[in-house]
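Here is a short report on a protein model.

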Amino acid sequence: MSTAQLAAVSYLARYSGRTHALYSFQLREWFAWCESNGLDALTGIQRAHVELYIRQLGDRGLMDSSVNTMMHAVRGYFRFAHIERRIAADPAVYAHLPKIHRDESRHPRTGPA
């Protein structure tokens, strides 16, 4: 098992059920993208790699909210790997995610007007 795979297994061990399934899928997508670009999924990753991945998700036609969702596990994976001292710095911490614009007309206002 590679260092990247061990880090992913360790990170995913914290979750169960639907969250585990979703995060496993998100990390499989990250690992596949890294492999297709000749990158190790953990070591040597820089913020630019993470931002290129984010752009690729958008280029696939995902909505901004879906891109942000797809990044939940990837960002958590790097944060966990950094805390566990598997990597010196978290390359995803400052990666730019798309802004999500809420349609205020769809969410009734609560509280005093």
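## Terms of exposure

A residue is buried under 20% relative accessible area, exposed over 50%, and partly exposed in between. Glu51, at 28%, is therefore partly exposed. The model is predicted.

## Salt bridges

Side chains of opposite charge can pair when their charged atoms come close. Here the cut-off is 4 Å between a side-chain nitrogen of Lys or Arg and a carboxyl oxygen of Asp or Glu. Two salt bridges are counted by this rule.

Arg47 has 44% relative accessibility, so Arg47 is partly exposed.

Glu29 pairs with Arg60 in a salt bridge. Their closest N and O atoms are 3.0 Å apart. This pair connects distant parts of the chain, 31 residues apart. Glu29 is in helix H2, which spans residues 17-36. Arg60 is in the loop between helix H3 (47-59) and helix H4 (64-83).

How exposed are Glu29 and Arg60? Glu29 is partly exposed, at 23% relative accessibility. Arg60 is partly exposed too, with a relative accessible area of 42%.

## A nonpolar patch

Met1, Leu6 and Val9 make a nonpolar surface patch of about 320 Å². Leu6 lies in helix H1, residues 3-12. Leu6 has a relative accessible area of 39%, so Leu6 counts as partly exposed.

How values were computed: Residues numbered from 1 in each chain as written. Predicted model: local features only at pLDDT ≥ 70, side-chain atom pairs only at ≥ 80, totals over all residues. Heavy atoms only, no water. Helix = DSSP H or I, 4+ residues; strand = E, 2+ residues; numbered from the N terminus. Buried < 20%, exposed > 50% of the residue type's maximum accessible area, 1.4 Å probe, protein only. Patch = residues over 30% accessible without salt bridge, like charges linked within 9 Å, V, L, I, M, F, W, Y side chains within 5 Å. Areas by Shrake-Rupley, 256 points an atom, 1.4 Å probe, with all protein chains shown as cover.
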